[in-house]
Amino acid sequence: MPDIHFHDIYAQFEDGSFDGIENSISGKNATIRTMQAQLNSTRLFNENYFALLAALDDIAARGIRLVALPGDFSDDGQPVHIRGLRKVLDRYRDRYGMQFFAAPGNHDPVRPFDTPGGEPDFLGRGGHAQRIFSRGAGECTDYEDRWTTVDTGRALPTICSEEIRHLGYRGIMAEMQDFGFYPSPDYHYWETPYSDYESYDYDSALAQADYRHRQYEICRRGSGGPWKKPDYRNCHRVPDASYLVEPVPGLWLLSIDANVYVPEPAAGRFAGSGNAGYNRLLTHKRHLLDWIRDVVKRARRADKQLIAFSHFPMTEFYDDQSDAIASLFGSDRFQLQRRPQRQVSRVLAETGLRLHVGGHMHINDTGIARGRDGHSLFNIQAPSLAAYLPAYKILTLHSIDRVEVETVILDRVPGFDELFEHYRREYDTALRSGQPPWNPAILQSADYRTFTRWHIRELSRQRFLPREWPQDLRQLLLELDGRELLTLTRLADDTLADVATGAGIEGIRRSPQWQDAQSRAREAATAADMALEDFSRWNGFDLAVDFYRLRNGGALALRDIGSGRLAQYRLLATSARQRPVNPAASADHPLAALFDGRLAELFGILEGLQRGAPDDHFMLDLADGEIRSLELPAE
């Protein structure tokens, strides 16, 4: 379960700085973020609290006792949330005997060492945003008390509290020490990349686990230590939380700390690790590769089942559509900076690792990397409980070479609507102030899955479309429904250039050629056993939302989109590819140029996202590098 992004919605600020707002259902005070903040973020901040409890209850009912948390288990490593997460995990450990194994993500910690932090959008009294920052962040700069408030002329004064600072490795590992970061007497084996003992015993492992021993040198230009070049400057010793654990006989879990915080020119400052991933690990944290290779060899000699997990993906995660996405949208969009380079995935496969589970992207995907030496590496991208589509992965080990992977969707989550009363107050307050609010229909969600469908819809409207889509393509889609899109694919470039000059889409709709094209579109739909009128039930915005559903959910999203609309998309893709093209006309008219390549490219990506490796329920043959779907055929 990666990317929990745990935010303690009923947290106790130990310094008494923030009481939250009283909730009539729980009788507690809610310390939550605004709905507006959630609908502009790729993760939920509040309802994922209930999703975590529902997932753990489901896991307990299944008799599962080993749970891996591949990073971003916290919301920016803030003490108030880390404490809350520890209490939840302790409860399930004590009640059900669960063992949790965490790997750090780029949100835990945000930087290697403590840094100022905070948020501008907690939900405070009267439905107003409550700013809360720690010392050194925002307006919380010059005060002597344990905590204070600062009046900035907003509806609520800013609260300054150390409860909201960003913990570094030392604080997070100390709070989460019982969840893999340190050895336990119950473990059969435990080590770090820095361990130095020939025979294992708990006392030696505990001594080797000391924070002071788990450091490595990183330089701005590359790896330090044995790889440090004479001209490298700006080098620092920073922590690393990687470990290897044997929780039950025969199973080795390899928790890789793939965070890479590259030193910045300013003294003592480091870049975030969000876009670094394994590309930077190979250049700035090379000692981990040697350790991974050694672990693989020892696991093979000792006949141990080895499963690796970390926060970052080891392979391409868009079903081999990344290059097409970069061509259409730009190489700096769709988080493509986080894509591992092909040679990086190849090097990781050549370490001998056969199975890795990652997170970070909040998507459901299966990737395969092949090494030149014949080794195959499966990368399982587990979804987030805090985003569409909320789910977690179960790995069942049938043998050392055969692993079954099943994806469990959280459709229903008890209590997910417990905070809705606060959002209604927030919405009413925003409406009175004249601010354009979010769509209140999200508060009519009947279950958690529906709630996350609304989340990605509003996220697409408020963030994804404005930031990631080319303006001409975005404008075109927002003006058209599906019937008009299919009709436009039946128009030739000459027609588009002739009738649209100075008139745009509206001019095309009024032209005689439009009627002819619509007749041909109707014929195409009828030939495919469809009705043209059915295409008018959705518009270009719906198509964009479905694009993001497929990107995030893979096969899990097909049910939400529906077989009928998917068939319509396929016909549109075929029609766009077959459309008569006149390069001279398209060169002279931007609308024709848009249709010549970009619309067909969009539908091609949409198709490609449906053709990836199985990502729902499947069997892995680690020895042969083969994957087999276990999904039953649709009726």
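Strand E16 (residues 355-358) runs parallel to strand E18, and four bridges join the two. Within this pair, Val-357 stands opposite Ile-380 of E18. Helices (H or I, at least four residues) and strands (E, at least two) are DSSP runs numbered from the N terminus, and two strands count as paired if DSSP finds at least two bridges between them. This is a predicted model, in which local features need pLDDT of at least 70 and side-chain atom pairs count only at pLDDT 80 or more, while totals for chains, interfaces and linings use all residues. Residues are numbered from 1 along each chain as its sequence is written, and side-chain values use heavy atoms, with hydrogens and water left out.

E18 also pairs with strand E17 (residues 365-370), this time antiparallel and through six bridges. Ile-368 has Phe-378 in E18 as its bridge partner. E17 and E18 form a hairpin with five residues between them, and Gly-374 in the turn has a positive phi of about 95°.

Strand E18 (residues 376-381) is mostly covered, with six of its six residues buried. Buried here means under 20% relative accessible area, exposed over 50%, and partly exposed in between (1.4 Å probe, protein chains only). Ser-376, Phe-378 and Ile-380 point one way from E18, Leu-377, Asn-379 and Gln-381 point the other way, and all are buried.

Turning to charged side chains, the structure holds 44 salt bridges, each a side-chain nitrogen of Lys or Arg within 4 Å of a carboxyl oxygen of Asp or Glu. Side chains of opposite charge can pair when their charged atoms come close.

Lys-285 lies in the loop between helix H7 (277-284) and helix H8 (287-301), and Asp-257 in the loop between strand E14 (251-255) and H7, so the pair ties together parts that are 28 residues apart in sequence. Both Lys-285 and Asp-257 are buried.

Asp-560 and Arg-449 meet in a salt bridge at 3.2 Å, N to O. Because Asp-560 lies in helix H19 (residues 558-561) and Arg-449 in helix H12, this pair ties together parts that are 111 residues apart in sequence. Asp-560 is buried at 17% relative accessible area, and Arg-449 is buried at 2%.

Arg-412 and Asp-447 form a salt bridge at 4.0 Å, N to O. Here Arg-412 is exposed, with a relative accessible area of 63%, whereas Asp-447 is buried at 14%.

Finally, a network of salt bridges links Arg-33, Arg-43, Asp-75, Glu-119 and Asp-121.
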